[in-house]
Amino acid sequence: MSANNLKNLEVYFNLMLANGSSSLYRIVQEMQLFNSYNPGETFTADALAEKHGFKLVPTKVLCDTLVTMGLLETENDQFRLSNVMNLLKGNYKNLSDEYWAHLPTLLKTGAPFKKMDTVENSEMEYQVQVKSLEWMMTPCARLMVEKLSDNRELQVLDVGAGSGVWSFNFLYANPKAKVTLADWPAVLKVAKDTAEKTKISDRVTYIEGNFHQTDFGAERFDYATLGNVTHIQTPDENKSLFKKIAKVLKPGGKLIILDAYGKAPEGAMARALYQMGLTIRTVQGRVYLPHELEPWLKEAGFTSFEFQSLETVPYSMGMLIAKK
Ligand SMILES: C[S@@+](CC[C@H](N)C(=O)[O-])C[C@H]1O[C@@H](n2cnc3c(N)ncnc32)[C@H](O)[C@@H]1O
């Protein structure tokens, strides 16, 4: 088979797999097949079939397929919902269907489904979103800290901190680190709650309000993080944010910009769909690539740059490290 034909076949299979798994997931949710099971509760395929009046063979095949998809777990012919399936009972059940359904309207009118990048909306929108972002970004945040491997007495500024996922992972890894989170007051409640629960509150301070207007204080930070923020700012807003951050970093201090611009090949689809989603839910959201950010960073006083992909789930993220 020619390389071209092989590529065609691969594209076809990828599409079939994506459609097959999303169809199965949707049907299971629409038919409410597992709604009555509590976390940890086990059941057999026979019991599931009897409960719904289904034929046994397709019920068993369905359960096995859902195990492969990671939605059920199995042991000795017993099944139970996986943690993800339990989570998908709540707000995330429809996997953002309403966003994708808006695409025809966006194409025709240019009007996004939501305007999450506007100052009027960001506090309310992100108050809801950042807890799930924490879950999604935790492996990347851990890997970032591991790659930096810096055990000094650190001061870290987390701008647009949300749940605090990026800076809190400095704290979890390094008992001598202290962090300052800048975000809206309503959003920072989520971070405060986590800090209480993980017993790190005494090493966290907060700068509440619009981060374009609040005071980041003196030149005292070793690191600043901007995680998933530059893509919801305009070029001018990014430039002024970089200048503001440069002023409070110590000489040699580093700004780490984290965004869906990693280079891991496994993350290609996640990156493309992320940009599509961003276009649907923002007025002008766009993932600025490192080579677009670097001139703005230079203008703000940063002198050297290093880029690393974060090769962990969701394989889409990368970090641009700009040194003052
Ligand atoms: C996409 S979230 C990223 C949160 C976190 N850094 C992460 O990666 O999970 C963007 C964050 O920036 C905050 N944000 C956006 N515009 C802001 C502004 N003008 N002032 C303060 N915070 C803002 C939002 O509230 C939100 O928490």
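Look for E73 in this predicted model, and you'll find R80 of strand β2 standing opposite. The two strands around this spot are β1, residues 72-75, and β2, residues 78-81, which pair in the antiparallel sense over four bridges. Together β1 and β2 make a hairpin, with two residues between them. One of the turn residues, N76, has a positive phi of about 45°.

Inside you can count 12 helices and nine strands.

Let's pick out a pair of those helices. Two packed helices are described by the angle between their axes and the distance between the axes. Helix α1 runs over residues 3-30 and helix α3 over residues 56-69; their axes come within 11 Å and cross at roughly 120°. The crossing of α1 past α3 is left-handed. So which residues of α1 and α3 make the contact? On the α1 side they are S21, L24, Y25 and V28, while α3 brings L62, T65, L66 and M69. Sorted by class, the contact of α1 with α3 has six nonpolar residues and two polar ones, with no charged residues.

Is G262 buried or exposed? G262 counts as buried because its relative accessible area is 6%, and the cut-off for buried is under 20%. Setting aside neighbours within four places in sequence, G262 is in contact with R271, F307, S309, S316, M317 and G318. Another residue to look up here is L320: G262 and L320 are 58 residues apart in sequence, yet 9.5 Å apart in space, C-alpha to C-alpha.

As for contacts with a separation of 6 or more, residues 24 or more positions apart account for 68% of them.

Key:
Residues numbered from 1 in each chain as written. Predicted model: local features only at pLDDT ≥ 70, side-chain atom pairs only at ≥ 80, totals over all residues. Heavy atoms only, no water. Axes fitted to C-alpha atoms, helices over the stretch in contact; angles between N-to-C directions. Left-handed = near helix turned anticlockwise from the far one by under 90°. Contact = heavy atoms within 4.5 Å. Nonpolar A, V, L, I, M, F, W, Y, C, P; charged D, E, K, R; others polar. Pairing = 2+ DSSP bridges. Buried < 20%, exposed > 50% of the residue type's maximum accessible area, 1.4 Å probe, protein only.
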